[in-house]
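Visitor: I have a chain to look at today. Could you walk me through it?

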Amino acid sequence: MLKVSKGVEQGVFVLLMLALQKDHTPVKSNILSDTLSVSDSYLKKILRKLVVAGLISSNASKDGGFQLKKSIEKISFLDVCMALDPIKEIELQNMQLANHIFPNDPEHVKKSEQTVIDVFSKGTEAFYKELKAVSLAKLLKEEKYTEGTINWVKQLEK
C-alpha cells in the first residue's frame with residue numbers, strides 16, 4: 001500500500017484552506033496550524049516548500065500571510081507531492097542477489113534486472129500521470145472557492 005506522508009496531507013489541506021479563504025486574503029501560519037491542529041513550526045516547513053514550489057506566496061507584513069499563487073484548479077496532486085515528498089527514481093537496493101541464484105548466467109541476470117527496472121519505471125510514470133490529471137479543485141465545490149467563502153480567523157473564534 002502506498003503511504004502518503006503527513007506533510008503531503010497537510011499541504012493539500014493548507015492549499016484547500018487558502019482556496020476557500022474569503023476574498024482570497026492572506027492567512028497567517030498560526031491560523032492554518034490552529035485550524036488543522038498541527039504544530040506551527042512543522043507547518044512552516046511545509047509552507048516554505050509550497051512557496052519554493054511556486055504554489056503559494058508569502059507576505060511577512062502585518063496584514064500578510066500565505067495565499068495561493070495560482071488557481072486551485074491549476075494545482076494537481078502531483079504538484080503537491082513533488083513539492084513536499086518527491087518520489088525518487090526507482091532504485092533497486094540489492095540487485096546482486098540474482099547473481100547468487102544464477103551465478104552461471106550473467107546475461108539472464110542482466111536482462112531480468114532490466115525488466116524489473118523497466119516495470120517499476122513504467123509504474124512510476126503511470127502514477128505520476130494519474131496524480132497530474134486531478135486538480136485539488138476536485139475536492140471543493142466550485143462556488144466555495146471561486147471567490148472564497150470562509151474567514152478562517154472567524155472560524156477559530158467560534
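Visitor: How many helices and strands are there in the chain?

Guide: A word on the source: this is a predicted model, where local features need pLDDT of at least 70, side-chain atom pairs count only at pLDDT 80 or more, and totals for chains, interfaces and linings use all residues. Residues are numbered from 1 along each chain as its sequence is written, and side-chain values use heavy atoms, with hydrogens and water left out. Helices (H or I, at least four residues) and strands (E, at least two) are DSSP runs, numbered from the N terminus. Along the sequence the pattern reads α-α-α-β-β-α-α-α-α-α, and the count is 8 helices and 2 strands.

Visitor: What radius of gyration does the chain have?

Guide: This radius is taken over C-alpha atoms, and the globule rule is 2.2 Å times the number of residues to the power 0.38. The C-alpha trace spans about 70 × 30 × 25 Å along its principal axes. A compact globule of 158 residues would come near 15 Å, but the chain has 21 Å.

Visitor: Why is H1 described as largely enclosed by the rest of the structure?

Guide: Buried means under 20% relative accessible area, exposed over 50%, and partly exposed in between (1.4 Å probe, protein chains only). Among the buried residues of H1 are Gly7, Val12, Leu16 and Leu20. H1 counts as largely enclosed because its buried residues number 12 of the 15.

Visitor: Which residues does Gln10 touch, not counting those up to four places away in sequence?

Guide: Gln10 sits in helix H1, residues 6-20. Its relative accessibility is 11%, so Gln10 counts as buried. With contact meaning heavy atoms within 4.5 Å, the residues touched are Leu36, Val38, Tyr42, Leu43 and Ile46.

Visitor: Is Ser37, with its positive phi, buried or exposed?

Guide: Ser37 belongs to the loop between H2 and helix H3 (40-52). Its phi is near 55°, positive in a residue other than glycine. With a relative accessible area of 64%, Ser37 is exposed.

Visitor: Where is Asp23 found?

Guide: Asp23 is not a glycine, yet has a positive phi of about 55°. Its relative accessible area is 53%, so Asp23 is exposed. Asp23 is found in the loop between H1 and helix H2 (29-36).
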